[in-house]
Amino acid sequence: MAQFRPMARIISHLGERLISSTKVALLELVKNSYDAKSEFVEITINQKEKQIVIYDEGHGMDNKTIENFWLVVGTNNRLENKGVVNNNEDIPLGEKGLGRFSTMKLGNKLLLQTTTKESNVVWNLEVDWDKFGYKSDLYLDEIDNSLYDTPKTENRSFTKIVITDIKDFIGEEWSKLEVEKFISNTVAKYINPFNDLPRKFKIKVWFIDQYNKKSFIKLGQSEKELLEQAHHEIKGEYIPGQINYLFKVKRNGIIVDQGEDNILLDSKLHDLDSLAEGFVGKFKFHFYIFNRRRLKELTGFENTRVIREILDRYTGGPMIFRDGFRIFPYGDPGDDWLELNKEKYRKGKASIIGEQTTGYIALNSNKSPYLVDQTNREGLVRNRSFDNFSYIVKSIFNKLLDIVEINEPKETSNNITNTAKKSATNIEKTILRISSSREIVDKDLKNIIKESKLINKGISELKRREKALIETSSVGMTSMQIAHEIHNFVQKILSILHDLKTQLPNEYLNKIDILELNIKSLKAMISQIDEQASTLRRAKSKLDLVKQIKQIVNTSKSLLNNYKNIPLEVEVISEVESLDIKVNKGLLIQLFDNLLINSFYWVNSLGTLDNTNKGIIRIEIKKDGHVIFYDNGTGISLIDSESIFEPFFSRRKDGKGLGLFICREIAAYHKIKLDLLENKNSKGRLYCFSLDFSEVIIGGE
């Protein structure tokens, strides 16, 4: 009978050559301690003795477990238990039976000391990894490892791994600061820092330097306090075919936007059958975005430098955890698995990049059986399931980008002016400094160039806005001229129809009446434009506010055919039958037209607040002259509460941003107060306009 006979060097392929790095090797040993049901693992890095000690108080091992499992290559005892999950999902982490060989990556000699609670002795296993090295000429069965027992002094279970002749953490380059930096960037993130494990487990790290000075390395300081202040946040769960999510947007510590929704994914994913290739399974996620230009908004920290140091440790993209433990390298600096830094997530002035982003994806081994580690523990296997998984996560980030873009503050004319003034002042100061010192340094030139570019940028934007205003004005004048001409033709048509009524047989009268009714409706619409031409003369006249608003609403219904995503309805509710005011009729029409068109557009585009299938715009007229205007759309972000009345401010794609500015100008001309009330809807957004006509009521005080 012929059998395979492995050389001893095969172990090096499973240890030092397979495990890719020190951080991965340590993680494997930490996971072993967790699997042993220990409440902690203690790692001691001893520079003086050139050793690493890993200690836990889990269930430990006896000699039979060491011989039948620990020393068996590729044992499957944990894999067999993986499918047995209790309510808190405390899943065994090991499955390949290779984690123990990570000790070979860390050092050349191993001493394993372990005991169970029931055992009367401590079992010791000594392994010389040099005998299993790449240059070894021995066969695996020719090497004996020393296994012996020693007296047990305490009635407890434990496992202590002593690795000597270590390969890392020695040499002058490994100062205490460098070791702390390594631990902060790796060990501190072995366990999901954003979410608790199913059971208590803590990692403790001690460092003994070459002078035998011992110090404790703290892990995970202040992270949660910082995460709670993220500028943008999205969390939720993926279930096959659908992403359910909640989001929050904060500015200066205040929630300015929040909500929840779901994303239905393309059926082409084929992610519904748990036995089919490409299945992903349920997972949870929580992502945080920090705008590094706005770190001064964050509180509870000494300064922004401290905040940046924490962010530098955690940003780089979302980390992936399976059963509570890290999968490298996702979320590490330089690993851009979602391509956040490749211009994919840009929309207008809004963007999402790696250095702004942190958070996690929490996988479960049983729910996502096809998302498996590569053998070297560096990433997931690139299979169909991984491709689908990447697509799902990118879909979440695309939705997050939409949220960031919608809530990105728009630049107002005042902002542009203030920036230009500040830049001009900075240039003046620089020139005065050059004048007094009589020398020019590179810093001065760079400053002048930088500030000049800001001024030029502002000038270009103002020119663009001026051009838009001229174009809008020209369109307005042209439409008035056309309206005047059409009005004359319509009047002639009505006159002809009147004559036809007397000339044609009675059977045609009904059709002529319908035609006449349509022509009169057209005349009413044209008359509104023609009446707006009178706004140039600013003539004011007496009119009934209730009657006029109802007429405007009735005329606006003809526009509803342009908005087909959702049925729209306008309601007018008045406490009085009539209310006489003195205003310019054309301007009043223009004011309410703009408000109505805004509501039509946004309710049609974004849907309703409660996801009902009808958009409602309501105008309430109070007897004291107050008019309340609101709809059941998603509302206006607190960020935009003042900016919406600025000229050229618009969230609408290709919008000119003049509608509400004109409304407020018209209101101010008449001494009508137009405000966005502080009333908030269920999403914490503003939604209600108030118009105070009390100053223009005829007979009012």
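Student: Which side chain does Lys394 meet in a salt bridge?
Tutor: The side chain of Glu339, at 3.7 Å, N to O. A salt bridge is a side-chain nitrogen of Lys or Arg within 4 Å of a carboxyl oxygen of Asp or Glu. One caution: this is a predicted model, where local features need pLDDT of at least 70, side-chain atom pairs count only at pLDDT 80 or more, and totals for chains, interfaces and linings use all residues. Residues are numbered from 1 along each chain as its sequence is written, and side-chain values use heavy atoms, with hydrogens and water left out.

Student: Where do Lys394 and Glu339 lie?
Tutor: Lys394 is in helix H9 (residues 384-406) and Glu339 is in the loop between S14 and S15, so the bridge ties together parts 55 residues apart in sequence. Helices (H or I, at least four residues) and strands (E, at least two) are DSSP runs, numbered from the N terminus.

Student: How many salt bridges are found in the whole structure?
Tutor: The search finds 26. One of them joins Asp332 and Lys23, at 2.6 Å, N to O. Asp332 lies in the loop between strand S14 (325-327) and strand S15 (346-347), and Lys23 in helix H2 (residues 22-35), so this pair ties together parts 309 residues apart in sequence.

Student: Is Asp332 buried or exposed?
Tutor: Buried, because its relative accessibility is 7%. Lys23 is buried too, at 16%. Buried means under 20% relative accessible area, exposed over 50%, partly exposed in between (1.4 Å probe, protein chains only).

Student: New topic. How many aromatic pairs does the count come to?
Tutor: It comes to 29. Rings of Phe, Tyr and Trp (its six-membered ring) pair if their centres lie within 6.5 Å; planes under 30 degrees apart count as stacked, over 60 as edge-to-face and the rest as tilted. Take Phe194 and Tyr360: their centres are 5.7 Å apart and their planes at 15 degrees, so they are stacked.

Student: How many residues apart are Phe194 and Tyr360?
Tutor: They are 166 residues apart. Phe194 is in the loop between helix H6 (176-185) and strand S7 (202-208), and Tyr360 is in strand S17 (residues 357-363). Both Phe194 and Tyr360 are buried.

Student: Which residues do ring pairs link into a cluster?
Tutor: Tyr238, Phe283, Tyr330, Trp337, Phe386 and Phe389.
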